[in-house]
Amino acid sequence: DSIFVVVRGATSEEAMRVGARVSEASNAHFARTTKSTVLKLEFEALFQGLVLLGKKTYAGRQHAVLEDDDGGYTLSAKPKYYKKGMRAVRRDTPPFVARVQSASLDLLLDTGRIDGVCGYLREQVTALVERRVPIEDLKITMQLKREEDYHKEAGVEVGCGRGGSTS
């Protein structure tokens, strides 16, 4: 699981110090209360901009946090866009929806301007209404389970057109 800590107005270095302190304090608490060192909280990322939409559903510009040999931390040079639980990263989402959601989030994270995102969304809806979006970009594709899995779940045998009888 994850813990997010908001550090408003802090520099990256200040935010990293806070993240390291939270990690160290949490691990000390876990060790004291559980008498175990197995449960550990890692300080693994620093987000510059984060959109939280729900449980396990968020997006942000993420810097990986790398631990130095001396126990300090450094950030990856360039942030990457990280999306979790979003339609943009699910395999059962039409390409148009994934692309529009991903681009909208990236635009919001880069500029912080909702009016810019709204303008982009209006353009995409207009393209959709005017049928300028290829039908392939609106199709949902997903891999179905093996046929045997459906039979096991249903608790029945199905012939599925193989010419055999079922019992």
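My entries follow, topic by topic.

**Ground rules**

I am working on a predicted model, where local features need pLDDT of at least 70, side-chain atom pairs count only at pLDDT 80 or more, and totals for chains, interfaces and linings use all residues. Residues are numbered from 1 along each chain as its sequence is written, and side-chain values use heavy atoms, with hydrogens and water left out.

**Fold**

I looked up the secondary structure and got four helices and four strands. Helices here are DSSP runs of H or I with at least four residues, strands are E runs of at least two, and both are numbered from the N terminus. Along the sequence I read α-β-β-β-β-α-α-α.

Next I checked burial, with buried meaning under 20% relative accessible area, exposed over 50%, and partly exposed in between (1.4 Å probe, protein chains only). Of the 167 residues, 23% come out as buried.

**Pockets**

What volume does the largest pocket have? I get about 860 Å³. For the record, a pocket is found on a 1 Å grid over the protein atoms alone, as an open set with protein on both sides within 12 Å along at least five of seven lines, tested with a 1.4 Å probe; lining residues have an atom within 4 Å of a point. Grid points are joined across faces, edges and corners, and the volume is the space filled by probe spheres set on the points.

I listed the lining of this largest pocket: 31 residues, with I3, F4, V5, A45 and F47 nearest its centre. The elements giving two or more residues to that lining are α1 (12–34), β1 and β2 (57–67). Strand β1 supplies the largest share, seven residues. By class I noted 18 nonpolar, nine polar and four charged residues in the lining. The classes are Ala, Val, Leu, Ile, Met, Phe, Trp, Tyr, Cys and Pro as nonpolar, Asp, Glu, Lys and Arg as charged, and the others, Gly among them, as polar.

The second largest pocket has a volume of about 200 Å³. Its lining includes D1, S2, F4, L52 and K84. Strands β1 and β2 are the elements that give two or more residues to this second lining. Three of its residues are nonpolar, three polar and four charged.

**Nonpolar patch**

L52 is in strand β1 (residues 45–54) and counts as exposed at 53% relative accessibility.

**Salt bridges**

How many salt bridges does the structure hold? I count seven, taking a side-chain nitrogen of Lys or Arg within 4 Å of a carboxyl oxygen of Asp or Glu as the criterion.

D110 pairs with R61, the closest N and O atoms being 4.0 Å apart. D110 lies in helix α2 (residues 95–111) and R61 in strand β2, so this pair ties together parts 49 residues apart in sequence. Both ends are partly exposed, D110 at 44% and R61 at 23%.

D106 meets K83 at 2.8 Å, N to O. Here helix α2 is linked to strand β4 (residues 80–84), so parts 23 residues apart in sequence are tied together. I find D106 buried at 17%, and K83 buried at 15%.

R99 and D137 also pair at 2.8 Å, N to O. R99 is in α2 and D137 in the loop between α3 (114–129) and α4 (147–154), so the pair spans 38 residues of sequence. R99 is partly exposed at 41%, whereas D137 is buried at 18%. I also noted that R87, R90 and D92 are joined into one network by salt bridges that share partners.

K35 has phi near 55 degrees, sits in the loop between α1 and β1, and is exposed at 74%. R131 has phi near 60 degrees, lies in the loop between α3 and α4, and is exposed at 78%.
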